[in-house]
Amino acid sequence: MSSGTREVVITHSPEETIRVGYELAQRLRQPSLVLLEGELGSGKTTLTKGIVAGLGAAREEDVTSPSFTLVHEYGRERKVYHADLYRVEGARDFGTLGLDDLLEQQATVIVEWGEKFLGEDVAAQVRIHMELLEGEDRRITIEGLDR
Ligand SMILES: Nc1ncnc2c1ncn2[C@@H]1O[C@H](COP(=O)(O)OP(=O)(O)OP(=O)(O)O)[C@@H](O)[C@H]1O
Ligand SMILES: [Mg+2]
């Protein structure tokens with residue numbers, strides 16, 4: 001699935017997490033699939049703000065949770081799709097979610113609750129696990145990013 005790399009960073013504020021997303025965006029291949037895992041409030045949407053802004057697709061304040069709409073679309077030439085599988089039940093693959101078409105467009109696809117995604121390996125795949133620590137601390141483990 002990935003090239004086997006693993007990086008761990010601890011952030012101490014939402015702003016720091018956004019910054020991590022911004023820097024991550026500079027290292028993403030296109031197309032890429034970014035799977036975000038971790039419990040409620042661990043910071044998946046916050047990190048996505050940084051990734052989308054870092055890709056130049058939207059301002060961070062315009063990136064909001066797609067929980068009710070399933071997928072948000074950002075950008076013009078370089079599209080970024082932001083999906084949230086929280087309310088999706090059962091095994092889902094890319095075909096049934098309609099996300100395979102998005103990757104074919106050379107887009108970046110970011111999926112919250114990525115642990116629910118049971119699709120086959122597609123494109124460059126980055127898996128990010130977010131954990132709540134004390135207070136505003138968050139541990140972010142990033143796997144599969146090119147060095
Ligand atoms: N270090 C931090 N990194 C990210 N968010 C933080 C941090 N410290 C505090 N927060 C706060 O935690 C919350 C994270 O919410 P966010 O919507 O990003 O989480 P989420 O993982 O997307 O949740 P959900 O599962 O509901 O989609 C925000 O209110 C944010 O301000
Ligand atoms: Mg969220």
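Helices (H or I, at least four residues) and strands (E, at least two) are here DSSP runs, numbered from the N terminus.

**Figure 1. Overall fold of the protein chain in this predicted model.** Along the sequence, the elements of the protein chain come in the pattern β-α-β-α-β-β-α-α-β-β-β. With a radius of gyration of 14 Å, close to the 15 Å that the globule rule gives for 147 residues, the protein chain is as compact as a globular protein of that length. The pattern is made up of four helices and seven strands. The C-alpha trace spans about 40 × 35 × 35 Å along its principal axes. Of the 147 residues, 42% count as buried. Among contacts between residues at least 6 apart in sequence, 69% join residues at least 24 apart.

**Figure 2. The open sheet of seven strands.** Pairing in the sheet is mixed, and the strand order is S1-S7-S6-S2-S5-S4-S3. S1 and strand S3 (71-74) stand at the edges with a single partner strand each, so one side of each is left without a neighbour in the sheet. On average, and with direction ignored, neighbouring strands of this sheet are turned by 15 degrees against each other.

**Figure 3. Strand S7 and its two partners, S1 and S6.** Strand S1 (residues 6-11) pairs with S7 in the antiparallel sense over six bridges. Within this pairing, isoleucine 10 has arginine 139 of S7 as its bridge partner, and threonine 11 has arginine 138. Strand S6 (residues 124-132) also pairs with S7 in the antiparallel sense, over six bridges. Here leucine 132 stands opposite arginine 138 in S7. The hairpin of S6 and S7 has five residues between the strands, and its glycine 135 takes a positive phi near 55 degrees.

**Figure 4. The two faces of strand S7 (residues 138-143).** In a regular strand the side chains alternate between the two faces of the sheet. The covered face of S7 holds Arg138, Ile140 and Ile142. The uncovered face holds Arg139, Thr141 and Glu143.

**Figure 5. Helices H1 and H2 against the strands.** H1 packs on the sheet, where it touches S1 and S7. The direction of H1 makes about 150 degrees with that of S1. H2 lies across strand S2 (32-37), S3, S4, strand S5 (108-112) and S6. Relative to S5, H2 runs at about 170 degrees.

**Figure 6. Glutamate 89 in its loop.** Glutamate 89 sits in the loop between strand S4 (80-84) and helix H3 (94-97). Glutamate 89 counts as exposed because it has 7 C-beta neighbours inside 10 Å, and the cut-off for an exposed residue is 12 or fewer. Lysine 116 is 27 residues apart from glutamate 89 along the chain, and the C-alpha atoms of the two are separated by 8.3 Å.

Definitions and conventions. Residues are numbered from 1 along each chain as its sequence is written. Chains are lettered from A and ligands numbered from 1 in the order in which they are written. This is a predicted model: local features need pLDDT of at least 70, side-chain atom pairs count only at pLDDT 80 or more; totals for chains, interfaces and linings use all residues. The radius of gyration is taken over C-alpha atoms; the globule rule is 2.2 Å times the number of residues to the power 0.38. A residue is buried if 20 or more other C-beta atoms lie within 10 Å of its own, exposed if 12 or fewer, and partly exposed in between; C-beta atoms are placed from the backbone. Two residues are in contact if their C-beta atoms, placed from the backbone, lie within 7 Å. Two strands pair if DSSP finds at least two bridges between them. Axes are lines fitted to C-alpha atoms, for helices over the stretch in contact, and angles run from 0 to 180 degrees between N-to-C directions.
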